[in-house]
Amino acid sequence: MNKIVILTGAGLSAESGLGTFRDEGGLWAQHRIEDVATPEGFARDPELVVNFYNARRSQAHEATPNAAHHALARLQKDYDGEVILVTQNVDGLHEKAGGSAIHMHGELASALCGACDHRWPAPLEMAPGDPCPSCGAPAARPDIVWFGEVPYHMEDIAAHLFDCTIFAAIGTSGQVYPAAGFVQEALMNGAETVELNLKSTDISGAFAQHHIGPASEIVPAWVESLLT
Ligand code: OAD
């Protein structure tokens with residue numbers, strides 16, 4: 001059976017009004033990764049970290065999917081084969097568009113207990129020291145994979161990369177591993193490789209095909225070509 005694995009990154013949601021990380025003026029130009037996206041930063045200043053993700057959660061809550069999210073959801077529904085979305089995005093826009101995705105970097109809509117690993121739907125505003133509804137420990141944290149932590153669902157993702165026929169990466173800079181290495185795994189397994197991005201990236205050379213432009217234009221066109 002044909003299987004397409006599609007890795008998505010922040011560029012996919014840029015036209016939904018959510019800032020990317022590394023483009024000019026992006027999130028990592030405004031905040032230090034060490035402060036807001038590491039377990040050490042959380043231990044030092046939980047309020048800063050919780051507030052950073054509260055702000056992102058409220059932006060994501062207001063955001064609506066763009067034409068690229070809708071096209072990918074349509075591909076999942078109508079493709080003659082399997083379409084696996086693996087997203088680094090934590091905004092939930094694939095689901096709002098009617099699709100489903102493997103969330104390798106966690107989700108803003110989820111809270112995680114640092115003591116017992118229980119997960120529950122995050123309130124719009126989390127507070128440092130919120131109690132876990134399962135074990136009661138005051139150890140709630142955003143369910144986001146921080147630098148130095150292992151991304152989620154890596155075994156499932158590896159299995160999909162092993163038997164996919166097409167691997168595509170959309171709106172991701174290829175600067176964060178392990179996601180940046182997926183194209184190499186797919187290539188080794190004989191998949192056709194496609195990169196869709198506003199511009200070329202550090203890993204463009206690994207892809208056989210390139211579609212350059214805004215996701216809201218190039219993704220629907222690419223999806224159309226796969227469905228006809
Ligand atoms: P980056 O901010 O690193 O890269 C965004 C990519 O999207 C760039 O390659 C842009 O060229 C492209 N882009 C921007 N606007 C676009 C548009 N309208 N259409 C198409 N492409 C566009 O974001 P990611 O690669 O997703 O991790 O970053 C990966 C991870 O780094 C994130 O998941 C996050 C971050 O640190 C964690 O927080 C754990």
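**Salt bridges and a helix face**

Analyst: Happy to! To start, K3 counts as buried, at 7% relative accessibility (buried means under 20% relative accessible area, exposed over 50%, partly exposed in between, with a 1.4 Å probe and protein chains only). This is a predicted model, where local features need pLDDT of at least 70, side-chain atom pairs count only at pLDDT 80 or more, and totals for chains, interfaces and linings use all residues. Residues are numbered from 1 along each chain as its sequence is written, and side-chain values use heavy atoms, leaving out hydrogens and water.

User: Which side chain meets K3 in a salt bridge?

Analyst: A salt bridge is a side-chain nitrogen of Lys or Arg within 4 Å of a carboxyl oxygen of Asp or Glu. For K3, the N to O distance is 2.8 Å. K3 lies in strand β1 and its partner in the loop between α7 and β7, so the pair ties together parts 160 residues apart in sequence (helices, H or I, at least four residues, and strands, E, at least two, are DSSP runs numbered from the N terminus). The partner is D163.

User: Which residues of helix α7 are buried?

Analyst: Helix α7 spans residues 154-162. On its other side, E155 and F162 are exposed. The buried residues of α7 are I157, H160 and L161.

User: With which residue does E224 form a salt bridge?

Analyst: The closest N and O atoms are 3.0 Å apart. E224 sits in helix α9 and its partner in helix α5, 150 residues away. That partner is R74.
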